[in-house]
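Please have the sequence and the 3D view at hand while reading.

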Amino acid sequence: MTNTSPSPQNLFEANNIVKRIGTVVIADGVDIHVPAGSIVGMIGPNGAGKTTMLGIFSGNVKANSGTVVFKGRDVTSVAMAKRARLGIGRTFQIPRPFDKLTVFEHTLLAVQQSQSVSMSEAHERAIFALERCGLLKLVNEIGGDLRLLDRKRLEMARAVALDPALVLLDEVAGGLNNAEVGQLIEIVLSLRDSGISFLWVEHVIRALNATADRIVCLSGGHLIAEGSPAEVLAHPAVIESYFGSPAFMSTAS
Ligand SMILES: Nc1ncnc2c1ncn2[C@@H]1O[C@H](COP(=O)(O)OP(=O)(O)OP(=O)(O)O)[C@@H](O)[C@H]1O
Ligand SMILES: [Mg+2]
C-alpha cells in the first residue's frame, strides 16, 4: 500500500516510484523510507536497479512517476544540486578522482560547487569531513593516486562536507578486503552517531549486517523483502534472487 502523506519520523520517503528504462522495469511502485537517525541497507541482484534508484532519490535520474519527500518536503521536482543543498548527499559506485587534484582540493571543490559559503568556512567543512572519514593524513595526496579504500573514503568525505542529513552510499565496500570493510563500518557508524542517516546500497552483506537497522531487497521492480538484516537475509525470496552468486553466499554468513 502506498502512503503519500509524509510521516514526521521519516527523514526520507520515496512513494510509489515507477521507473522503466526501455523495456526494463526498474521499479513498479516501490516505497522506501529512511527514519531519521537510521541506516537502511538496500540489496538486490546485479542490474536490479539499485544505482538507478539512488539516482532518482538524489535527483539525477527522473522517475516515470512517484514522489520523493525529504524532511517533510516534496522534492520530486527539485534538481540534484538543490537536493544536495537541502541535505541529500550521495557517493558514486565507481569513484573517479581527478588526476591533478589533491584530496583536500577534491573535498573543497565539492563544498564550493554546492554551497555559497566563505572560503574559510569551505576550508573548515572540508577538513572536518576529511577528519571524519579518516583522510586527514592524505590531504595532500593526488586523488588519482589513491588506493581503492581511500577513493571510497574520499567519495564519502565529499558527501559529508556538504553537511548532509542523509547520505546515499553506492557500494562503498565493494572491492575492499576484510580489514578495510571493518574500517568503513566504523566510519559509517560514527557518522550515524553524529546525526547522519544512510541509505546504503551494498553487495558486501557483512557491512550491512554490522550497520543496518533495516534492509530492503529490490528485485524485478519490487521490494521482495524488507525487515531486520536477519529477517531479510533468511528470506526465501532473497536467497532465491541471489542463488548462484558466490559473492553473496560467502559474505552472508
Ligand atoms: N542510462 C541507462 N540506459 C540504459 N540502460 C540503463 C541505464 N542505466 C541503467 N540501465 C540498465 O538498468 C538496469 C539497472 O541498472 P543499475 O545500474 O541501476 O543496477 P544495479 O542494481 O545498481 O546493478 P549493480 O548491482 O550491478 O550495480 C540494468 O539493466 C542497466 O543495464
Ligand atoms: Mg549499481
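The following paragraphs describe the ligand shell and then the cysteines.

The model is predicted, so local features need pLDDT of at least 70 and side-chain atom pairs count only at pLDDT 80 or more, while totals for chains, interfaces and linings use all residues. Residues are numbered from 1 along each chain as its sequence is written, chains are lettered from A and ligands numbered from 1 in the order in which they are written, and side-chain values use heavy atoms, without hydrogens and water.

Ligand 1 is surrounded by 13 residues, a residue being near when one of its heavy atoms lies within 4 Å. The closest are Gly 47, Lys 50, Thr 51, Thr 52 and Gln 93. By class, the shell comprises four nonpolar, seven polar and two charged residues; in this scheme Gly counts as polar, and Asp, Glu, Lys and Arg as charged. Helix 1, residues 50-58, gives the most to this shell, with three residues; helices are DSSP runs (H or I) of at least four residues.

| Protein atom | Distance to an oxygen atom of ligand 1 |
|---|---|
| Gly 49, polar backbone atom | 2.9 Å |
| Thr 52, polar side-chain atom | 2.5 Å |
| Glu 171, side-chain N or O atom | 3.4 Å |

Taken alone, ligand 1 exposes 640 Å², of which the protein buries 56%; such areas come from the Shrake-Rupley method with a 1.4 Å probe.

The structure holds zero disulfides, a disulfide being a pair of cysteine sulfur atoms within 2.5 Å. Cys 133 is buried, with a relative accessible area of 0%, and Cys 217 is likewise buried at 0%; buried means under 20% relative accessible area (1.4 Å probe, protein chains only).

Methods. Polar contact = N/O pair within 3.5 Å; in protein donor to acceptor, adjacent residues only side chain to side chain. Helix = DSSP H or I, 4+ residues; strand = E, 2+ residues; numbered from the N terminus. Buried < 20%, exposed > 50% of the residue type's maximum accessible area, 1.4 Å probe, protein only.
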